[in-house]
Amino acid sequence: MAGGPLLAVALEGAGWHPAAWREPAARPAELLTAGYWTDLVQEAEAAKLDFVTFEDFLSLRTDARGPFEDRADVVQGRLDAVLIASRVAPLTSRIGLVPTAVVTHTEPFHLSKAIATLDYISGGRAGVRVQVSRHEEEYRNFGRREPADAAELFDEAADYVEVLRRLWDSWEDDAEIRDVATGRFVDREKLHYIDFEGRWFSVKGPSITPRPPQGQPPVAALAHNDRAYRLAGQAADLVYVTPRDRADVAKIRAAVDERLRVFADLVVFLDDKPGAAADRKARLDDVAGAEYSSDAHVFTGTPAELADLLLDWHAAGLTGFRLRPGALPDDLTAVTRGLVPELRGRGAFRHDYAAATLRGRLGLPRPANRYAA
């Protein structure tokens, strides 16, 4: 896309580093308040970032890998991602809102109306990231099934998204008449049974929520391997990937469906002073008692150095970046007040939103309704 990469931030707890909640600027006592999340999203929107994402799990766990799981000195417990997005939506006006949903243990009918509702109350700024789960604790929380192999879970997720999309289309755009004179509120001929029958789901439809403002809110998936790339190609509009260097970017770009918007995930620790971000990350590692690593590339440096990397990887074929702030709010404000001005100074980031909807921002046209005559 012209004008440089798109930018998103992935909001998670006090930040992605397990010791982030101990930082002086952290607000650990407010993690379960609406004001905390609203402040973060409004900070991102003030910088005109394209969208924010909200992580979610269905068990007590952390995103951090290895030695940090099951520890009492890391942030545990969380609010529901879709509900956070819904609370923030009326308090913002332009930024996209993309919560995570664990599709292995939830029903597509419920999620379809939740995301459609988010799309209505945000004025067309909703998306959703679908996440599969093989975490044993999550299976124990539901008790309805045994962990399946990864390939089966990804096939199930593809069917899940197909049900979402059919339900979103189950109302034609002009199905609501609202004609007081004739007493007709809805044209029942423009509501459609989806009659989906598959291995995992049997859904009659139609939805109870009219077609969302975007028609189809964008669907995202995080992918690390070929099977996940296939799921993204089958079911998603955008994919988050985790390259380690420029050569990896080219390799991944060649492996994913060319129609997808491709965002690289990076964990970022930023400081204006050279070397200070690495020192801070090392200090956080000392506090945590172990070195933090991630499924994504961990960047430490200045906003200018990050801008160099982003523009180089963008030139290799990425649509944009989903930055995971190491500590909140420090690394979020370093993005909004350091990286964004740096990119603007290079003519590589816009000064305002160019489209009202998330689909528009991603360059995705509003799709036709499959059931419309």
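I started at α2 and looked up what its buried residues pack against: α1 (34-46), β2, β3 and α3. Contact here is heavy atoms within 4.5 Å. Buried means under 20% relative accessible area, with a 1.4 Å probe and protein chains only. Helices (H or I, at least four residues) and strands (E, at least two) are DSSP runs, numbered from the N terminus.

A note on the source: this is a predicted model, where local features need pLDDT of at least 70, side-chain atom pairs count only at pLDDT 80 or more, and totals for chains, interfaces and linings use all residues. Residues are numbered from 1 along each chain as its sequence is written, and side-chain values use heavy atoms, with hydrogens and water left out.

Back to α2. I find 6 of its 8 residues buried. They are A81, V82, I84, A85, S86 and V88. At the N-terminal end, D80 is the cap, with a side-chain oxygen 3.0 Å from the backbone nitrogen of V82. A polar contact is a pair of N or O atoms within 3.5 Å; within protein, one must be able to donate a hydrogen and the other to accept it, and residues adjacent in sequence count only if both atoms are side-chain atoms.

Next I checked the record. The unreviewed UniProt entry puts a "binding site" at D56 and T100. Such annotations may be inferred rather than shown by experiment.

I took D56 on its own. It sits in the loop between β2 (51-54) and α2 (81-88). Its relative accessibility is 8%, so D56 counts as buried. The D56 side chain reaches the backbone nitrogen of A81 at 3.1 Å. Beyond four places in sequence, D56 also contacts residues including R78, T100 and Q131.

T100 is in strand β3 (residues 96-102). T100 is buried too, at 1%. Among the residues it touches beyond four places in sequence are F54, A81 and R129.

Last, the pocket. A pocket is an open set of points on a 1 Å grid over the protein atoms alone, where a 1.4 Å probe fits, with protein on both sides within 12 Å along at least five of seven lines; lining residues have an atom within 4 Å of a point. Of its 15 lining residues, D80, V82, A101, T106 and L111 are closest to the centre. I note that α2, β3 and α3 (108-122) each supply at least two lining residues.

Key
Buried < 20%, exposed > 50% of the residue type's maximum accessible area, 1.4 Å probe, protein only.
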